[in-house]
Amino acid sequence: MAGRVIDLIGKPVSLIPTPALIVETEIMEANLRRIADFFTHRPANLRPHFKSHKCVTIAKRQLAAGNAVGITCAKLSEAEVLAAGGVRDILIANQVVGEGKTARVAELAGKCRLSVAVDDETQVRELSAAMAGTGASVGILVEVDIGMGRCGVPPGERALAIARVAELSKGVEFLGLQAYEGHCITVLDPAERREKVVASMLKAVETRRLIESSGLPVQVLSGGGTGTYDMTGTMEGVDEIQAGSYALMDCYYAKRRPEFGIALSVLTTVISSNGGDHAVLDVGVKGVGAEFGVPVLADRPGDEIPFFKSEEHTTIKVGGEPLKIGDRVRLIPSHVCTTCNLHRRIFAVRDGVVEAVWPIEGSGCLE
Ligand SMILES: Cc1ncc(COP(=O)(O)O)c(C=O)c1O
């Protein structure tokens, strides 16, 4: 199969076997340029999030686009894939727990500049123990919960207490804080979003000032995403923006961030049709992430997807031009991150021709 896929380079999109993940390269490139340009002459930088596409080629292009200090990822196995692909500065924006995993952190820290989020002294001690004798060091960001109610300590003294433990522990280096405003990042109204985001992030900035006033330097406050890059990213005291979705986008984020084009779609084939109001595509929830809603049909405004629950089928209520068996239809997913995790490769397309086939090295990297 791999050989046959490579043979498609230079060939028309119509020859790609479906269902297939497609990226319009030109749209993606414009997205990368747009956000990189935003951070020119601004104190904060990007640390693009790998979990959105899980493709090392795209991560490297995000770095090459400029104003990016490294890559964020969600999982240790993603960090390993990034390091193997040559990325030199990686943040695992999550807690890494368990002896087997901390041993892998220690090994990885010898190969790249690695930092990890923590929200308890236990994680710091486990990381420090794993680093013993390696001669390397792993960076520590203390995660502060600024309202999402996921991981993280409350703003204030608890973060300072963990920072002190990190400062005194061997093999780890206290670098600063992580705070993710995920509870308000997709608020539809931009003014309301800004108000909520700034109020939340201020708690992290205040925690930073508390730690600094105790005499501990804070090098980094990392957070933010596509919905907030121009809100969190312009706040004094915030250094890094972990945006990821902006590169490829989806139909859910497009309503919140119209300045980025939708580069991602899933190319499908009509496998059944009554020639009238009913047609079926060859993909379902095994190829299109749907937790933010039903995907949207590209270029077919009269059609509807009444439900989206089958594993391998999408049923269309055809309201526009009839669909014939063998027709090609593109679906725009509601969630880029889970969609990319379902695929092994991306077909990069320019002007209707396959330009490249990029492996999605991080697909299925869950641990
Ligand atoms: C820790 C963290 N940072 C940043 C993001 C932002 O990603 P996006 O660009 O999709 O808004 C997320 C999204 O889930 C996240 O979990």
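User: Which residue in β5 is the bridge partner of Leu91?

Analyst: This is a predicted model, where local features need pLDDT of at least 70, side-chain atom pairs count only at pLDDT 80 or more, and totals for chains, interfaces and linings use all residues. Residues are numbered from 1 along each chain as its sequence is written. Strands β4 (89–92) and β5 (113–118) pair in the parallel sense over four bridges; pairing takes at least two DSSP bridges, and helices (H or I, at least four residues) and strands (E, at least two) are DSSP runs numbered from the N terminus. In β5, Leu91 is bridged to Ser115.

User: Which strands stand at the edges of the sheet?

Analyst: The open sheet has eight strands in parallel pairing, ordered β2-β9-β8-β7-β6-β5-β4-β3. Each edge strand has a single partner, so one of its sides has no neighbour in the sheet. These strands are β2 (45–46) and β3 (71–73).

User: What angle does the direction of α6 make with that of β7?

Analyst: Helix α6 (121–131) packs on the sheet and touches β5, β6 (138–143) and β7 (172–179), contact meaning C-beta atoms, placed from the backbone, within 7 Å. Angles run from 0 to 180 degrees between N-to-C directions of axes fitted to C-alpha atoms, for helices over the stretch in contact. For α6 and β7 the angle is about 145 degrees.

User: How are α7 and α8 oriented to each other?

Analyst: The axes of α7 (157–168) and α8 (190–213) come within 9 Å and cross at roughly 50 degrees. Angles under 35 degrees count as roughly parallel, over 145 as roughly antiparallel, 65 to 115 as roughly perpendicular and the rest as oblique. The two helices are therefore oblique.

Notes: Two residues are in contact if their C-beta atoms, placed from the backbone, lie within 7 Å.
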